Amino acid sequence: MASSGSRDNVPAGPFEPGAAGGAAAGVAPAASRAAGGGRGNGSFGSAADVSRRLENTGYLPDDRISAVVYLASRLEKPVLVEGPAGTGKTELAKSVAVATGSRLIRLQCYEGLDESKALYEWNYRKQLLRIQAERVAEASSAQAVEVSWSSIEEDIFSEEFLLERPLLSAIRAGEPTVLLVDEVDRVELETEALLLEVLSEYQVSIPEIGTVRASSIPMVFLTSNGTRELSEALKRRCLYLYLDYPSPDRERRIVTAKVPGISMELAEQVARIVQTLRGMDLKKHPSISETLDWARTLVVLGIGFVDEASTSATLNVLLKYRSDLDKAAKELGLE
Amino acid sequence: MLDVLTGFVEELRAAGLEISITEAADAGRAVHEIDMSDRDALEVALGSTLVKSHAHWKVFKTVFEIYFARRHGAQIGAERTGSLEDDIRRELAGPVPSHAMSAGEYEPLTGTDGAIEALGELSEAELSDAALRALEADDEELVRLVASYAVSRYGGMQPGRPVGGVYYLYRTLRALQVEALEARLMEGELSRTSPSAGAIERRLARDAVKGRIERLRQAIESEIRRRLVADRGAKALAKSVRRPLITDVDVMHATAEELEEMRRVVRPLSRKLAVRLAKRHRHTRKGPLDFRATVRRSLSTGGVPVQPSFRAAKPAKPEIVVLADISGSVATFARFTLQLVHSVASHLRGVRSFVFVDGIDEVTKLIEGHEDVSDAVRRISTEADVMWVDGHSDYGHAFTVFLERWGECVGPKTTLMVLGDARNNYHASQSWVLAELSRRARAVYWLDPEPRAYWGTGDSIVAEYGAWCDAVVECRNLRQLEDFVGKLSEKGKVA
């Protein structure tokens, strides 16, 4: 892959510790961004290309999804994926990573997520050890080497002592990367601000070191279940993709692809029944994963054709609320 | 194209979407990345850069339909020329799907000028048959063609009239006899399923037929829009079909369709509200300094209070009593409010709901007994005993009865919410009751679904009641309602 070549081309950053050269492609100066060549090998040629390559990974996108992913890769913008639970938001990011041969870096959001978990942290213990080692060396050697405070400071705030967290490692990765920021609606509104610099400039500012820019721009996916409105600032920086429940046709294809041993007729029927259920006024509509569970259940039970009896026996795989089950049974005429 | 795009963004802004300059610029960049003749790709490009909330999608879709109306062969964004008649001709002369021609059904359409004449010979029954075939085949192209013809024949569109096209839509649908079409489609669908088909199969067939009829309706609608655009230009039309976002629609004046949409919106709205409140309870600030515990703790550090200790904060959990007028004029507003309040009930100390017209009755049990709040709220009007004399709002009598029978449920921790337009039909106001309740309660709020400008006009005596309320709040739409309930359940007080 060409990506490994581009990685070597990236000049060592100005803060690269000479001895510990292991960490390649560190803090790349801005100029190398052009040399790195955007998203390099993994980028897509057209929306149709996106569809084809995603399908090869087992993810069946519709035209909308492919078009937005293509646009994102062309415009180098993050994608904010919103939609009901279980419609394949996280799966999309994973599949794009596979399709482009990129590394997937995932940041799972939760309440209380902060800078030191999302961006970077200084390795305090190692820094302490470093200072102590300095003192020991000083004491043992005969001639007292004058070690100025500033040199130690410069030393311990160098890259060697930096602990990368997902956002920083996505920025610094020399190889093509897909960054997945999962369930971004779980962090507090204020914490969202951590993401803004990364999302718009693809850089991270570390006061002690300077600004770390991405050598190759990662594809970024943010997912949200819509439990709260995200800030305007965040939304403005992203392309927006609403992942709704799939059309019956797409769902049928998904079922056929993911459930081995299912007949076309059964898959068709499953997709249509689920579609009808989603048209009802229920508390929680069945998600794709629940559809798949149901299809698997039917296959395992050896049911080739869904009738009233088999549906009422297995409906609890699709619907998880008592009131929903009652309502659906009534509407489908199972009583 | 740039001009079209600017106008498009302007129109979206006018419709209530907040679109920043960056986003507009992104849209411009995105458009360059796609094949502009591909209308779907254009929709995705504009949609993903300009619309950042699913709730706004419908508005976007409508404006998109107007600014980038579908047409065969013609370039999008180009200025339309020619008369309406020419447009129809061009439309019908458009490419006909090859399989339709091979089936021999639409052969007359292939000739450029023969198209409209050939269709002109179709009798009503034949057109209806054509529609049926198109729907049965579920062929988008054919459905659009039929829609196009039906509009030119039945729509009775007159150029230059400043209308939104709803009238044309119903006219066309009626002339096409959509109900009959639906029945025939259903019949055909059922005849194809096996005779042993059970209830599920029938239900599936019904949903499939409904979906197709809906698509025909949409095709007709977009055809009418297309022609209106041709007639009056995108800008003028966009203005006349402009609808506010659903959360901004006046509940009092919403159409049946809008109410249905609101009903769908209220649930996610209340879920959001509940999540917000739950988060708040976990993150409440610490309470006041606990002096005793601080001194105690300081013993381990030689009497120096290194780490002060705080009391746990008591989350304010207000108790809410709702009095809702459910007489005709404000019934829907009361429903949404009750639904919203009860959906956050777990974050409150308690909710008791009363509904009244001229009599008053408690409905708390009725609402709580149901898993589905909206379902219960619908049943309230039939099961609660709210009529006393004539079924016209009588706030005075309702309040008096409330004080007599349930007066003691209002205490110093209670926040009282009264929902209604205070149109008392010139009955006695009995505002002393409200004064008494106000004395007992922590706070009294009046939510009036009428615009502020109408307050105090006619038989509205909101000012008289308002004198005894902590605040009279204008609550015309879902946005204001959500705002109010959110504030109330967080603090127990508003403002």
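Let's begin with helix 13 of chain A, which covers residues 264-278: its 15 residues reach 21 Å from the first C-alpha to the last, close to the 21 Å expected at 1.5 Å a residue. Keep in mind that this is a predicted model.

Is helix 13 of chain A mostly covered or mostly open? It's mostly covered, with eleven of its 15 residues buried. Among those buried residues are A:Leu266, A:Val270, A:Ile273, A:Val274 and A:Leu277, but you'll also find A:Gln269, A:Arg272 and A:Gln275 there.

| Chain | Average pLDDT | Residues scoring at least 70 |
|---|---|---|
| Chain A | pLDDT of 81 | 85% of the residues |
| Chain B | pLDDT of 76 | 79% of the residues |

In chain A, the pLDDT is below 50 over residues 1-41, a stretch that has 73 contacts in the model beyond near neighbours in sequence. In chain B, pLDDT stays under 50 over residues 72-118, where the model has 51 contacts beyond four places in sequence. For the complex, the predictor gives an ipTM of 0.79 and a pTM of 0.73.

**Where the chains meet**

Now for the meeting of the two chains: 28 residues of chain B are in contact with 29 residues of chain A. On chain B's side, helix 2 (21-32), helix 3 (39-50), helix 12 (199-232) and helix 14 (256-282) each supply at least two residues. Which of chain B's elements gives the largest share of this side? That's helix 3 of chain B, with six residues. Sorted by class, the side of chain B that touches chain A has twelve charged, ten nonpolar and six polar residues.

In soluble globular proteins, nonpolar side chains tend to be buried together. The largest nonpolar core here has 130 residues, and those with the most contacts inside it are A:Val68, A:Val79, A:Phe221 and A:Leu241. Helix 12 of chain B gives this core its largest share, eleven residues. Take A:Leu241 as a close-up: leaving aside neighbours within four places in sequence, A:Leu241 is in contact with A:Ile65, A:Val68, A:Val79, A:Leu80, A:Val81 and B:Ser48.

Chain A is divided into domain 1 (2-119 + 165-242), domain 2 (131-156) and domain 3 (248-332). How many Å separate the centres of domain 2 and domain 3 of chain A? Taken over C-alpha atoms, those centres are 70 Å apart.

Chain B is assigned domain 1 (2-68), domain 2 (84-243) and domain 3 (266-283 + 316-491). Nine residues of domain 1 of chain B are in contact with nine residues of domain 2 of chain B. On the domain 1 side, helix 1 (2-14) and helix 4 (57-67) of chain B are the elements that give two or more residues. Helix 4 of chain B has the largest share, five residues. By class, that side of domain 1 of chain B has five nonpolar, two polar and two charged residues.

Note on methods. Residues are numbered from 1 along each chain as its sequence is written. Chains are lettered from A and ligands numbered from 1 in the order in which they are written. This is a predicted model: local features need pLDDT of at least 70, side-chain atom pairs count only at pLDDT 80 or more; totals for chains, interfaces and linings use all residues. pLDDT is the predictor's confidence in each residue, from 0 to 100. Two residues are in contact if their C-beta atoms, placed from the backbone, lie within 7 Å. Helices (H or I, at least four residues) and strands (E, at least two) are DSSP runs, numbered from the N terminus. Ala, Val, Leu, Ile, Met, Phe, Trp, Tyr, Cys and Pro count as nonpolar, Asp, Glu, Lys and Arg as charged, and the others, Gly among them, as polar. Domain bounds come from an automatic or database domain assignment. The expected span of a helix is 1.5 Å times one less than its number of residues. A residue is buried if 20 or more other C-beta atoms lie within 10 Å of its own, exposed if 12 or fewer, and partly exposed in between; C-beta atoms are placed from the backbone. A nonpolar core is a set of buried Ala, Val, Leu, Ile, Met, Phe, Trp, Tyr and Cys residues joined through C-beta atoms within 7 Å.
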